[in-house]
Amino acid sequence: MGEDRSRAGRTAFTLLGPLSAKVGDEPVAIGGPRQRVIMAALVLAWGRVVSVDALIDAVWGDEPPASARTQVAICVGALRKAFKAAGSEGPVIVTAHPGYHLHTKNSSVDVREFEKLMAEAGDSARKGCLEDASRLYRLALDIWSGRPLSGVGGRLAEDAATRLEAQRLAAWEMWTAVELDLGRHQELIPVLSAVVNDYPQHEQFRHDLMLAQYRAGRRVEAAEGFRAWRHALVEELGLEPSLSIQQLHHAILRDDSGPVRPEETDRPAAAPALPAELPPDIPAFIGREAELRQLDALLPGDATGAAPSAGFVTGMAGVGKTSLVVHWAHRVADRFPDGQLHVDVAEHVREQGPDATHALLGRLLRSLGMSGEQIPDDPGERVSLHRSILADRRVLVVLDNVRTLEQVRSLLPGSGRSCVVVTSREQQEHMAAVHGMVHVALGLMSAPEASALVRRIAGEAHVDADPEAVDALCALCDGLPLALRIAAARLAGKPHWSVRHLAARLAEQPRRLDELCAGGLELRSAFDAGYRALPADLARMFRMLSLLDVPDFAAWVGGALLDLPTAEAEKLIEQLVDLNLLTAVGVDGVGAARYRFHSLLKLYARERAAEEDPAEERQAARERAWQGWLTLADEACRREYGGDFAVLRGSTPRRAIEPSVTGALLATPIAWFDAERPAIVAVVRQLTALGADELAWELAMSTAVLFDTRVAYDDWRAVTESALMAVRRAGNRRGEAAMTFELASVEMRLHRYDRAKDLFRTALRIFTDIGETYGRALAQCGMASLDRIDGDLAAAMGLAEQARAVFQEVNDRSCETRVLSQMSEIELDRQNPAAALDLSIQAVELAGHTEETRDAARALYKLGLAYLRQGRVLEAENTFHRLLDQVRGKSNARGEAYALLGLGETCITAGLAEDAYPWLLRSLAIAEQVGDLMLFARANLLLGRCSRMMGRVLWASHYLNVARRAFRRIGLQPGGQEVAEELALLPGSGTDDDPLRAFMSSACAGAGLPG
């Protein structure tokens, strides 16, 4: 039953005839021409990713509409619906950057079955099992149902159909040869008669028909058939038949005894020596085992009928494409007894210009033993001759430094056992889609491989003397093999240099590329070759992107730099990825593709920008991008928290970004921030380095609440301190006050209260000096919190009331909500729950008039506590549940933890200790996750109280001692006093029991607290 269901859900594709697909026995309704082209491209690639750009090219060629990407997505969606309608249970077309691929598990395609049968048939023929070979060849041919890919238009389908048709003709030839060897001449005649009618210009079929007719005793019929066929050939094409078929005709006329298939009569004379053109093997070749295994898969078996093994190796300049292929070619040279050819295609193109391919074919033919007079001038005949020679030979052909598919399309064999390996800096996806070539994407070296390469070239003495310096050197070369080889060669050539000395020279960015030059190798020249071939718009995008110090970026950044719509920028960026000048590093949490530079390529691009682009243009481009981050940060805060409250604004203009792009990026604002956080840190540091103080402090302040939400205190501190340095250096007093205030907020989050108080005082003084009333009120709120922690409740309330008056004056309801919650907390500390309740109710009501969710959550929590202090348990429980519902789904983990804490405390107040336990444990888990020490301390305190009420003395001691240490670190005396009161209630609270002490010390250590 399970097997029947498996077969029923199997997807089968047909290319060897009209394009079709079935799920089980149910046909899939593939729609119009565009869907058919896209379906064909995905099936031809068979599991490999086909980019959206490649699909656009396949559907529309050189003139795609502006909506091409959208239309491709629509077609893919329609195909997915068609497969689902036919009964497919899982995904058939999978989205994978930068496009789509087929899910090939539980799927089949007739091309692969055809090639498998052909390989088996070839094996049987070579073993002398001719009956088996004949049967397998017929099974392979019976798979065909017409011209391949009929009903599919476009160049991609035409090229693939031509290749597949060549395989079909080769299969007919091989089946015919086996049948002739078996002596089935009479049976062959009707079959071959039909075939020659379908392919009248195919000489081998005519030759085999004549031979079968002659051997069957139908000599006159054979001669007359040749005469009529020759007449048509001369009349229509002006060509005489080949020498081999003319020789067979003469043998028939003379009635020679037993003419055979003269397979060697039309083969050119062998060259005096087999070609062995591979460059020398690469000295000190290291690693690349996985890639070598991929290339090993290209090695030909003994099959004569399968498609040619072919692969292409791609990667950025200097990554070692040629080194890999040449090393592999030397390892497997004995598997290609008829020779190894090597051509630097880029060099040939430079020398020959537009006629490069024609001249290159002549060069290959001469290497294969053809004399000049034997090489035809006609391009088509030259291609045919090249393929004919390779058909029965085992030759390895390395086509190095290929730029486009068009340069090598005609150099690929039609069939046979030869192997072609192409290297290119470009992705060349068409090679995989159209020609079924295996793609080996060559990446950077791993750290161990890089160190091993340096050791091999520079010598063990250099490396072993300072392994840390070697690691630094490899990092500066960023895993690029050419850079590593050059650096190691410099060390080998200068034995008096230490590795640390060279690393120090490379660490200076402006001279790093100058240092990477040795023994005729120069990294800059390797990069030049690809850059000089770029169109102007691509070259400009390449240069401008390098101006930013960010570790990675999304497509909108390119649009800002060049002042282009994001869609146009993305197209240019993807082309740079295809050219291996940028790397796609994946898709972020909002679904946007992210890209990055190799560090050495970025240095090169910056050099080009400094030389080719005026300084004012470079600065304008950077500012557009920086303003884009500021705009998106502002909007992220508004969308996540309902407004931009408690944020000071400067004079930096914002950059408008397309609404559709903004909507997509900020659909989940916190996810956008998670993706952009490393970039924002890098941008603020770059702004500081370049003296853009106003933009630096504004971006730091706009993202402060996002850093706080994600508990990213180290990054929050980094951007704040960096921006503070910029504004102080520029004498920007308002910016200095704002950043001093933010740094105080960071210190308060980290419970460094003395440092925070000093910073708040400094911020308050500067705000007062410059007459910034709103900023002064913000600082007063911070100071009020610290005075409350110190127990100076009167001072705290005075500061809070002053701040509230300012917020009321400027109608900032969000900040007023916050300060009301703060005042409620102070009243609770004063043991005045009625006043606290009144303030909390005001705060909740005021929050209802704003969209700011964090302050509303804080107000609800204080309201719940006020109800608890009055013993109104039911109202407290309802309030905390209301808070829990509000914060969930808002990326407010800390708010959720406080809601859980409140529910636990409510249960304790009601005497339901067992019910409190789950709430408190969940709260503690979140506290540990987000790193909130205050929350951690409070949760442990309540868990200790809960455990005491349940009679779990050991656990109560554990939780309370952890809480005591946490409150001690925070410096919160009221919390410490609560813990002391709870500990005093434990039986044997004064015990010096060593096991208990050891247990508690271990628990505290596990929580990161001092013992």
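Val587 has Ala593 in E17 as its bridge partner. This is a predicted model: local features need pLDDT of at least 70, side-chain atom pairs count only at pLDDT 80 or more, and totals for chains, interfaces and linings use all residues. Residues are numbered from 1 along each chain as its sequence is written, and side-chain values use heavy atoms, with hydrogens and water left out.

Strand E17 covers residues 593-596 and is joined to E16 by four bridges, the two running antiparallel. Strands count as paired if DSSP finds at least two bridges between them. Strands of a sheet pair through backbone hydrogen bonds, either parallel or antiparallel. Here three strands form an open antiparallel sheet, ordered E15-E17-E16. Strands E15 (553-554) and E16 (583-587) are at the edges with a single partner strand each, so one side of each lacks a neighbour in the sheet.

Now the whole protein. It holds 49 helices and 17 strands; these are DSSP runs, helices being H or I of at least four residues and strands E of at least two, numbered from the N terminus. The radius of gyration is 38 Å, well over the 30 Å that the globule rule gives for 1011 residues, so the protein is more spread out than a compact globule. That radius is taken over C-alpha atoms, and the rule is 2.2 Å times the number of residues to the power 0.38. Along the principal axes, the C-alpha trace spans about 125 × 75 × 60 Å.

Of contacts (heavy atoms within 4.5 Å) between residues at least 6 apart in sequence, 69% join residues at least 24 apart.
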